[in-house]
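Biologist: I am new to this structure. Could we go through it together?

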Amino acid sequence: MRITDIQRCGVRPGRLVEWTLSPATVAAATRLPEDSRPPAYIQESHIRTAKCVREEGLFVPTWLGTAFDLPGRVDLDVLQEALRSWTLRHETLRSGFRWAGEELRRFTLDPADVSLHREDAGEFEDADRLTAHLQDRFDTVADALRWPNLIYTAVVRPDSTSVYMAFDHSNVDAYSLTRIAAEVHELYDALTEGRAADRPAPAASYVDFCEIERADADRLDGDHDIVARWREFIRRGGGTLPAFPVDLGLTPGEPLPPQAMLCEPLADAEAAAAFEAYCRPYGGSLVGVLAATALAVRELGGQSVYRTVVPFHTRVRSRWTDSVGWYVGGAPIEVPLTGTRGFPDVLRTVRTELGAARKLARMPLARVLALLGADFRPTSPDLYSIVSYVDTRAVPGADRWTDMRAHALLRVSYGDQVCVWVNRQHEGLWLASRYPDTDVAAKNMRLYVERLRDHIASAGHGSLSAVS
């Protein structure tokens, strides 16, 4: 599934229909008692950052979404029931937060109280106008500081219907998005064919996960080895978490800049397979992408150390695999780049660093920073820059994503960090990145991608040569 933004996912004209949680559902939520299960640290940090940035006068949309097609003439009543059934599978989508003074308190609806309200938004004959309308609606509804903070839409045409769904980030991560298209397709088909018994059971609850993870994190104290590892990593970084180590054309102290997006293929299926084969003895393609990035930023900026925080999923038990939620932690690594003899040396170093640091991703960074007493003021939606690698080929329905025109959607708005996502798909490697919208950043991100592509191709050629 390609990660992109709504401007690049091929929106086509048609009649727009929108679903939100119904007024009756919203009214029921206002009467709910407190749910004792707390927010995850990552949820709370996200919402507090949004609040802080908003109070400083800047609206920074941070929703995630998905897009996919249903073939033929759609039955909107059946689609509505499929969307409702899918929503009920995932408890986090009927759970939200209220402020009680400075504290965030959870509430959670019973499934019986959840219904969808449908609105016909009219015919859109111009794709650009429709795209702008969808983005505006998603910005307004899928907002961290409101509830409900999800919206489903369908662009209806005689021969097909495009479904667009948006959620505040507190409810979903990128992996969650990859499962939605197939699940909604299956529900729609089952309902159309009268196979109500085939509806999937509720997935394991992210709300339960939040309670478990937070209880584990709260047992940590300032003397724990995980806290000490982060303390030393931050100290060696000059007291800050790592930014992307190339010139982005930013001046310290300036307002949060708008961002731009870069989306393109890195390697076709054959080249991606060759790269994977080359990197396998060193730990796989994640190690390879990070090693290639380390070499690329050294070439661009003369860095002696590549310092970054690597995102890892926290679905450490199989029960969470099907669950929608924000299951992400970070592992800090440092890759020395002086005295290395080439790509294999860097691969070995990255493998060692990841092996030593991966367990740190299971402990929420917000908890660690609180124990450190570090003043990381929440003025940006990103605490640090990332380079992420995910292999999505085993996700149910991945072999049909091209036929479904399925995409994962990012909202690109404001931010002073660089986020890079590299996804392995059946078609090859795909890169998406958002970065500060400056001329300097655009030039250096283009150079970074070119060097990354070169290193991937060179490693792949090495693999093919070794085979031949």
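Modeller: One definition to begin with: a charge sits over a ring if NZ of Lys or CZ of Arg is within 6 Å of the ring centre and within 35 degrees of the ring normal. The charged end of Arg 214 sits over the ring of Tyr 41, 3.8 Å from its centre. Likewise, Lys 51 lies over the face of Trp 99, at 5.2 Å from the ring centre.

Biologist: What sort of model is this?

Modeller: This is a predicted model, in which local features need pLDDT of at least 70 and side-chain atom pairs count only at pLDDT 80 or more, while totals for chains, interfaces and linings use all residues. Residues are numbered from 1 along each chain as its sequence is written, and side-chain values use heavy atoms, with hydrogens and water left out.

Biologist: How many residues has the largest nonpolar core?

Modeller: The largest nonpolar core has 72 residues. Such a core is a set of buried Ala, Val, Leu, Ile, Met, Phe, Trp, Tyr and Cys residues joined through side-chain atoms within 4.5 Å. Buried means under 20% relative accessible area, exposed over 50%, and partly exposed in between, with a 1.4 Å probe and protein chains only. Among the residues with the most contacts inside this core are Trp 19, Trp 86 and Tyr 152. A second, separate core of 50 residues includes Phe 244 and Val 449.

Biologist: And what is Tyr 152 in contact with?

Modeller: Leaving aside neighbours within four places in sequence, the contacts of Tyr 152 include Trp 19, Leu 83, Trp 86 and Phe 167. Contact means heavy atoms within 4.5 Å.

Biologist: Turning to helix H11, which of its residues are buried?

Modeller: Helices (H or I, at least four residues) and strands (E, at least two) are DSSP runs, numbered from the N terminus. In H11, residues 365–372, the buried ones are Leu 365, Arg 367, Val 368 and Leu 369. Their cover includes helix H2 (41–55), helix H6 (206–218) and helix H7 (225–236). Just after H11, Gly 373 takes a positive phi of about 70°.

Biologist: How many aromatic pairs are there?

Modeller: The structure holds 14. Rings of Phe, Tyr and Trp (its six-membered ring) pair if their centres lie within 6.5 Å; planes under 30 degrees apart count as stacked, over 60 as edge-to-face and the rest as tilted. The rings of Trp 320 and Tyr 327 have centres 6.1 Å apart and planes at 40°, so this pair is tilted.

Biologist: Which cluster do those two belong to?

Modeller: Trp 320 and Tyr 327 form one aromatic cluster with Tyr 206 and Phe 209.
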